[in-house]
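Subject: Structure handover and notes

Hello,

The structure you asked about is below. My notes on it follow.

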Amino acid sequence: MNLNRLGPFLLALLFAAYPAASLAGPGEETKALARGAAEGDRAAIVKLLDLARAGEADAQVHVGKIYYDGLIVQRNFALALEWLKKAAAKGQTQAMNLIGHMYQEALGVEQDYVKARLWYRQAAEAGFAPAANNLGWLYFKGEGTGKSPALAKEWFERAADQELPAAQYNLAFLYAGGIGVPRNAQRALELYRSAAEKGYAPALRAIGWHYQTGQGVERDLAEAKTWYEKAAVQGELEAEAMLGQLFQQGLGVARDLDAARRHYEKSAAGGDPLGQLFLGWLYQQGLGVARDYGSALAWYRKSAERGNATAQNNIGYLYNEGLGVTRDYKEAFAWYSKAAEQGEPTALYNVGFMYEEARGVARNLDEAFRYYQRAAEQGHQEAKRIVGQSVR
């Protein structure tokens, strides 16, 4: 399991607190905003709308953001887009970036990664760092374009050069994993530290991970715990999960399954898939809690819904063994396959085994070998043994 997974790449938009509205005519729009605004803000809201209607780009962005956030009036992405496009037409890069985000996430529009990329690129080429970072993310994920770590690096670098902490974190991740660049743990740490100095919580957690694993720095579990705690204080849920791992395994601290569970529960309740996975494992194994396959399955499902491949594989295992559920090989095969699509080594092996044994799928020895081979390439030891012994 890659514990240094990418955290969310959030838009770094620094708008004023005022939201914006546009209901019927200009008069109705002003009334709607005035009703929702605090009494002291009403005059400012009216002035903001006047400026937006007069064509002032920054005011138009704020109005679009009001509709986007739904803070004063009911959220309305269509009207948000209308105002943001007016601002973008005047070269307002924050508006371009937010429009790109709307197309990327299908907010009030049909999801369109190509349009998202075009809007991000327009803002990025005008020097707006958050858009460059978002463009790099599209290239990293291959959304709207083929995956290109090299182009991801180029755009992350542009944003990182402007001291955007999210971009520094993303660029560090590439160096830490040797993705599109030669692996360089020291360079990764430099970038993580730069982002951490700006208070970027995922970078604090990543530094902890480097100390835990000894990558680019001498292994120091006490230091790892310190960095995880710094991140957790800022609400970084994956750091909570990593703290739980230290307590579960007794790494740098006395083994304490109750403390592990508390950290996992906090992480899982906040929606972090890693915390949900780890909490499910406690229930599956009965570590510090009564063994409860139903609870394990429930937490694995939450994690799997957020794309965690290990959780998907573990659900397959529960169905394959009939633990807490009626044994169902077809369901097991389906879950193993989801995880295998993400390259999870154990899942790749399990799919191969299901093909070999005709469990939930017709026997197909060619497919079995293909999956064993892929698992072996990912380092799965039993798959390596099988592939090494096979004569085809």
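A nonpolar core, as used here, is a set of buried Ala, Val, Leu, Ile, Met, Phe, Trp, Tyr and Cys residues joined through side-chain atoms within 4.5 Å. Buried means under 20% relative accessible area. Please keep in mind that this is a predicted model.

Overall make-up

The protein has 21 helices and zero strands. It contains 392 residues, of which 52% are buried.

In soluble globular proteins, nonpolar side chains tend to be buried together. Here the largest nonpolar core holds 124 residues, and the members that touch the most others are Met102 and Tyr192. Helix α9 (residues 165-177) supplies the largest share of this core, with nine residues.

What does methionine 102 touch, once residues up to four places away in sequence are left out? The list is Tyr68, Phe77, Ala80, Leu81, Leu84, Leu107 and Val109.

Two helix pairs

Two packed helices are described by the angle between their axes and the distance between the axes. I looked at two such pairs.

For helix α5 (residues 93-105) and helix α6 (residues 113-125), the axes come within 8 Å and cross at roughly 165°. An angle over 145 degrees counts as roughly antiparallel, and α5 and α6 are therefore roughly antiparallel to each other. Their crossing is left-handed. On the α5 side, the residues in contact are Thr93, Met96, Asn97, Ile99, Gly100, His101, Tyr103 and Gln104. These meet Tyr113, Lys115, Ala116, Trp119, Tyr120, Gln122 and Ala123 of α6. Sorted by class, the α5 contact with α6 has eight nonpolar, six polar and one charged residues.

The other pair is helix α8 (residues 149-161) with α9, which pack at about 145° with axes 8 Å apart. The crossing of α8 and α9 is left-handed. From α8, the contact uses Pro149, Ala152, Lys153, Phe156, Glu157, Ala159 and Ala160. From α9, it uses Ala167, Gln168, Asn170, Leu171, Leu174 and Tyr175. By class, nine nonpolar, two polar and two charged residues make up the contact of α8 with α9.

A proline in a helix

Proline 130 sits in helix α7 (residues 129-141). Is proline 130 buried or exposed? Its relative accessible area is 7%, so proline 130 is buried. Along the chain, proline 130 and leucine 98 are 32 residues apart, and their C-alpha atoms are separated by 9.8 Å.

Backbone points to check

Most residues other than glycine have a negative phi, and most peptide bonds are trans. Two alanines with positive phi are listed here.

Alanine 106 has a phi near 60°, a positive value in a residue other than glycine. Alanine 106 is placed in the loop between α5 and α6, the helix pair whose axes come within 8 Å. With a relative accessible area of 35%, alanine 106 is partly exposed.

Alanine 358 also has a positive phi, of about 55°, although it is not a glycine. The loop that holds alanine 358 runs between α19 (345-357) and α20 (365-377). Alanine 358 is partly exposed, at a relative accessible area of 34%.

Regards

Terms used
Residues numbered from 1 in each chain as written. Predicted model: local features only at pLDDT ≥ 70, side-chain atom pairs only at ≥ 80, totals over all residues. Heavy atoms only, no water. Axes fitted to C-alpha atoms, helices over the stretch in contact; angles between N-to-C directions. Helix = DSSP H or I, 4+ residues; strand = E, 2+ residues; numbered from the N terminus. Parallel < 35°, antiparallel > 145°, perpendicular 65-115°, else oblique. Left-handed = near helix turned anticlockwise from the far one by under 90°. Contact = heavy atoms within 4.5 Å. Nonpolar A, V, L, I, M, F, W, Y, C, P; charged D, E, K, R; others polar. Buried < 20%, exposed > 50% of the residue type's maximum accessible area, 1.4 Å probe, protein only.
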